[in-house]
Amino acid sequence: MQSISTLSSRHVRRYWNDPEKERARSRRKYAENREYYCQKNRTRYRDNPKAAAMLYLRRKREHPVEFTLWRLRNRSKVRGRPFSLTLLDVEALLSVEACESCGSALVGGQPSRLRPRARTIDERVHGKGYVPGNVGVLCGRCNSLKSDASPIEIRQLAAYVQRI
Ligand SMILES: [Zn+2]
């Protein structure tokens with residue numbers, strides 16, 4: 001509960017009378033000026049990189065499934081690949097606990113040298129896109145080793161590494 005001292009006198013006066021009425025009033029005001037408020041928000045995030053970054057982080061934190069779906073869809077769009085995952089597919093991918101290749105326990109966050117076991121979504125066959133049946137869950141290490149290699153290339157590489 002917000003303490004009254006942090007509210008402006010204008011708010012105190014309104015909420016003091018009838019909070020329900022105040023909510024109805026602001027909803028009505030929003031509905032009447034919807035275009036104005038939408039435009040205001042658009043320019044707010046366009047002209048203010050800091051606010052846009054905060055919004056990005058808030059979405060990432062509060063809606064991880066939707067955020068991942070959005071990020072994968074964007075990536076497919078940029079690369080011009082097919083995309084047909086649903087929220088349920090992404091939820092299933094995010095609930096996988098172990099890397100499908102090496103079996104190590106997965107952690108959150110961005111994969112890096114210091115965090116090799118971060119969860120990443122793998123496009124099994126590169127070019128086929130993020131579609132059901134062509135996605136896997138790998139740790140960052142396995143995914144960067146795999147990259148866009150074909151099974152033949154990986155076998156050749158493994159043979160080379162064993163010869164050393
Ligand atoms: Zn792995």
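The axes of helix 5 and helix 6 (residues 87-94) come within 9 Å and cross at roughly 110°. Axes here are lines fitted to C-alpha atoms, for helices over the stretch in contact, with angles running from 0 to 180 degrees between N-to-C directions. Helix 5 and helix 6 are therefore roughly perpendicular to each other; angles of 65 to 115 degrees get that label, under 35 counts as roughly parallel, over 145 as roughly antiparallel, and the rest as oblique. On the helix 5 side the contact is made by Pro 64, Val 65, Glu 66, Thr 68 and Leu 69, and on the helix 6 side by Leu 87, Val 90, Glu 91 and Leu 94. Contact means that the C-beta atoms of two residues, placed from the backbone, lie within 7 Å. By type, the residues of this contact divide into six nonpolar, one polar and two charged. In that scheme Ala, Val, Leu, Ile, Met, Phe, Trp, Tyr, Cys and Pro are nonpolar, Asp, Glu, Lys and Arg are charged, and the others, Gly among them, are polar.

A word on the ground rules: this is a predicted model, in which local features need pLDDT of at least 70 and side-chain atom pairs count only at pLDDT 80 or more, while totals for chains, interfaces and linings use all residues. Residues are numbered from 1 along each chain as its sequence is written. Helices (H or I, at least four residues) and strands (E, at least two) are DSSP runs, numbered from the N terminus.

The protein is divided into domain 1 (8-47) and domain 2 (63-163), with bounds that come from an automatic or database domain assignment. The C-alpha centres of domain 1 and domain 2 lie 43 Å apart.

How do the helix lengths compare with expectation? The expected span is 1.5 Å times one less than the number of residues, and the table sets it beside the distance between the end C-alpha atoms.

| Helix | Residues | Expected span | End-to-end C-alpha distance |
|---|---|---|---|
| Helix 5 (residues 64-79) | 16 residues | 22 Å | 22 Å |

Helix 3 is hardly covered, since the count of buried residues among its 14 residues is zero. A residue is buried if 20 or more other C-beta atoms lie within 10 Å of its own, exposed if 12 or fewer, and partly exposed in between, with C-beta atoms placed from the backbone. Lys 40 sits in helix 3 and counts as exposed because it has 10 C-beta neighbours inside 10 Å. Lys 40 and Gly 103 are 63 residues apart in sequence, and their C-alpha atoms are 48 Å apart in space.

Helix 5 holds Arg 75, which is partly exposed, with 15 other C-beta atoms within 10 Å. Arg 75 and Ile 121 are 46 residues apart in sequence and 12 Å apart in space, C-alpha to C-alpha. Just after helix 5, Gly 80 takes a positive phi of about 70°.

Is Gly 140 buried or exposed? Gly 140, in helix 7 (residues 140-146), is buried because 21 other C-beta atoms lie within 10 Å. Leaving aside residues up to four places away in sequence, Gly 140 touches Pro 111, Arg 115, Pro 116, Arg 117, Ala 118 and Thr 120.

The loop between helix 7 and helix 8 contains Ser 147, whose phi is near 50°, a positive value in a residue other than glycine. Most residues other than glycine have a negative phi. Ser 147 counts as exposed, with 10 C-beta neighbours inside 10 Å.

Of the 13 residues of helix 8, the number buried is zero, so helix 8 lies largely in the open. Ile 154 belongs to helix 8 and is partly exposed, with 13 other C-beta atoms within 10 Å. The C-alpha atoms of Ile 154 and Ala 98 are separated by 21 Å, at 56 residues apart along the chain.
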